[in-house]
Amino acid sequence: MTSTSTPPGLARFNTLEESAAFAALLEVCASTAWARRLLAARPYAGSEDLYAASDSATAELAADDLAEAMAGHPPIGRPKPGDPTSAREQRGMAGASEDLRAEMLDLNLAYQERFGHVFLICATGRTGEQMRDAVKERIGNAPEREREIVRTELGKINRIRLTKLVAEEAEEEKA
């Protein structure tokens, strides 16, 4: 159901110059195919329309596009230096012991060797132990099963980031 009034942050996003909107979308998800699809569907009447478009675009990513999206994510326990988004999302590892950090490094490397890409999980709100347990559980998955889990996790991350993008747009408008 679409609301009759577009939220201010979303309205601002809808009217951004195309190159600025594309750049903002790439900050959410590094897949150019995903970003182009969301850009092409503007304007959005409501946030749920934006999230639904994101979910649909994520579900339809080809293997190369999914790989491009995953390449934009740092390994768990090693957020991108100077990137507040990855640091915030991986906050659950911030206070992890050295033993847990070392274990995550080993698990990340084993996962990457098995699947050929970074271990992707929606880390927001998860503890370091929960992320460790998830990689231990998922490393035994068949590649096809893991690809679908990764797609689901990417969708969750994209929704959180889109929510923040629209909220930031609203905050900028107030300033």
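Cysteine 29 is buried in this predicted model, with a relative accessibility of 1%. Cysteine 122 is buried as well, its relative accessible area being 10%. Neither value stands alone, and the table sets the two residues side by side.

| Cysteine 29 | 1% | cysteine 122, 13 Å |

A search of the whole structure returns 0 disulfides. Cysteine 29 takes part in none, as the nearest cysteine sulfur, in cysteine 122, is 13 Å away.

The interior is considered next. In soluble globular proteins, nonpolar side chains tend to be buried together. Here the largest nonpolar core comprises 44 residues, and Phe13, Trp34, Leu38 and Leu162 have the most contacts inside it. Two or more residues of this core come from each of α1 (8–15), α2, α3 (32–40), α4 (47–59), α5 (63–71), α7 (98–115), α8 (128–138) and α9. The element that gives the most is α9, with 6 residues.

The largest pocket holds about 310 Å³ of space. Its lining consists of 18 residues, and those nearest the centre are Glu27, Val28, Asp83, Thr85 and Arg161. By class, the lining residues are 8 nonpolar, 3 polar and 7 charged. At least two lining residues are supplied by each of α2 (18–28), α6 (84–89) and α9 (143–174).

Notes:
Residues are numbered from 1 along each chain as its sequence is written. This is a predicted model: local features need pLDDT of at least 70, side-chain atom pairs count only at pLDDT 80 or more; totals for chains, interfaces and linings use all residues. Side-chain values use heavy atoms; hydrogens and water are left out. On a 1 Å grid over the protein atoms alone, a cavity is a set of points where a 1.4 Å probe fits but cannot get out, and a pocket is an open set with protein on both sides within 12 Å along at least five of seven lines; lining residues have an atom within 4 Å of a point. Grid points are joined across faces, edges and corners, and a volume is the space filled by probe spheres set on the points. Helices (H or I, at least four residues) and strands (E, at least two) are DSSP runs, numbered from the N terminus. Ala, Val, Leu, Ile, Met, Phe, Trp, Tyr, Cys and Pro count as nonpolar, Asp, Glu, Lys and Arg as charged, and the others, Gly among them, as polar. A disulfide is a pair of cysteine sulfur atoms within 2.5 Å. Buried means under 20% relative accessible area, exposed over 50%, partly exposed in between (1.4 Å probe, protein chains only). A nonpolar core is a set of buried Ala, Val, Leu, Ile, Met, Phe, Trp, Tyr and Cys residues joined through side-chain atoms within 4.5 Å.
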